Amino acid sequence: MAAGVWRVPTSGRARDNAFLVAGDEGLTLVDVGWASAPGVIAAAVAELGRELRDVRRIVLTHAHPDHVQGAAEMRERTGAELAVHEADAPWLPEGRVPRGGRSGTLGAIVDLLPKAHWRPFTADRTLVDGETVDGLAVIHTPGHSPGHIVLRHLATGTLLVGDAVFHHGRTPGQGPGALAADVTTRDASLRRLPLDVTAVGFAHGRPLTGDGVATYRDWLGSKVTRTPGG
C-alpha cells in the first residue's frame with residue numbers, strides 16, 4: 001500500500017482489513033479482526049519474510065468485536081505489547097461493547113449476540129491524542145467509539161482510519177450511525193482528519209492510493225468546513 005505499510009485482508013470477502021507497519025522497533029499490527037484473523041495475519045507476516053516475534057506491538061483503533069476478537073490470541077502468538085486509547089481500554093475486559101456503547105437499537109441488539117463478544121483481556125498500554133508510537137501519530141477521533149483513533153504513518157503520509165471512514169462503494173462514507181457510540185461526536189471528529197495524505201487504509205473496504213486519494217480529499221472536504229490554515 002505504501003513503503004513499509006501492508007494491508008492484510010482478514011475476511012473471506014476482503015472487506016475487513018488489518019495493517020502491518022514496519023518501524024524502528026519491528027512490526028506494528030494495526031487492528032486484528034474476528035477470531036479467525038490471527039491465522040491469516042500470521043500467514044501475511046510469513047509472506048513478508050518475517051516471524052511472528054517481529055510483531056512488537058498491536059494497536060487497536062477501537063474496541064469493537066470485528067477489530068479485537070482475535071487480539072488476545074494474537075498477543076499470545078507474538079508476545080507483542082497491546083495498546084488502545086485510554087477511553088476504550090475499559091471495554092476490553094468486559095468482553096463485549098458495554099450497554100450504552102451504541103447510539104442505536106440495532107447496535108445494542110448486535111452487542112447481545114455471542115458472536116459479537118470476545119475473550120476478555122486488558123491492554124498493556126493506553127494511548128492519548130498526539131503521541132507517536134514507532135512512527136505512527138495518534139489522532140483521537142471519538143464517535144464510533146469513545147476512544148476511536150486514526151493513525152498517520154509519518155514516514156509516508158499514509159492514513160489508517162479504522163472505522164472513522166468506510167470505503168465499500170464508489171466514495172468513502174461513515175457507516176451505520178446505529179453502530180456508533182455518538183453520531184454527533186463522530187461527525188465532529190471528521191474535522192480532525194488530515195487532507196494532506198498520500199494513501200488511505202480503511203478497516204472496511206479497499207485502500208486509496210495514488211490519484212485515488214483525491215476521492216478521499218473530495219469527500220472529506222464536502223463533509224467539513226475548515227477555517228483558513230485548518
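Modeller: Let's begin with the side chains of Asp-31 and His-67, which are joined by a polar contact of 3.0 Å. A polar contact here is a pair of N or O atoms within 3.5 Å; within protein, one must be able to donate a hydrogen and the other to accept it, and residues adjacent in sequence count only if both atoms are side-chain atoms. Please keep in mind that this is a predicted model, where local features need pLDDT of at least 70 and side-chain atom pairs count only at pLDDT 80 or more, while totals for chains, interfaces and linings use all residues. Residues are numbered from 1 along each chain as its sequence is written, and side-chain values use heavy atoms, with hydrogens and water left out.

To find Asp-31, look at the loop between strand S3 (26-30) and helix H1 (37-47); helices (H or I, at least four residues) and strands (E, at least two) are DSSP runs, numbered from the N terminus. Setting aside neighbours within four places in sequence, Asp-31 is in contact (heavy atoms within 4.5 Å) with Ala-18, Val-59, Leu-60, Thr-61, His-62, His-67 and Ala-203.

Asp-31 is buried, yet it has no salt bridge. Buried means under 20% relative accessible area, exposed over 50%, and partly exposed in between (1.4 Å probe, protein chains only). A salt bridge is a side-chain nitrogen of Lys or Arg within 4 Å of a carboxyl oxygen of Asp or Glu. For Asp-31, the nearest side chain of opposite charge is Arg-7, 12 Å away. In this count Lys and Arg are positive and Asp and Glu negative, with His and the chain ends not counted.

Elsewhere, the count comes to ten salt bridges. One of them pairs Asp-111 with Arg-102, with the closest N and O atoms 2.8 Å apart. Asp-111 is buried, at 2% relative accessible area, and Arg-102 also counts as buried, at 13%.

Another salt bridge joins Arg-125 to Glu-81, with 3.7 Å between the closest N and O atoms. This pair links distant parts of the chain, 44 residues apart: Arg-125 is in strand S6 (residues 125-127) and Glu-81 in strand S5 (residues 81-85). Arg-125 is partly exposed, with a relative accessible area of 25%, and Glu-81 is partly exposed at 28%. Both belong to a network of salt bridges that links Glu-25, Arg-57, Glu-81, Arg-125 and Glu-131.
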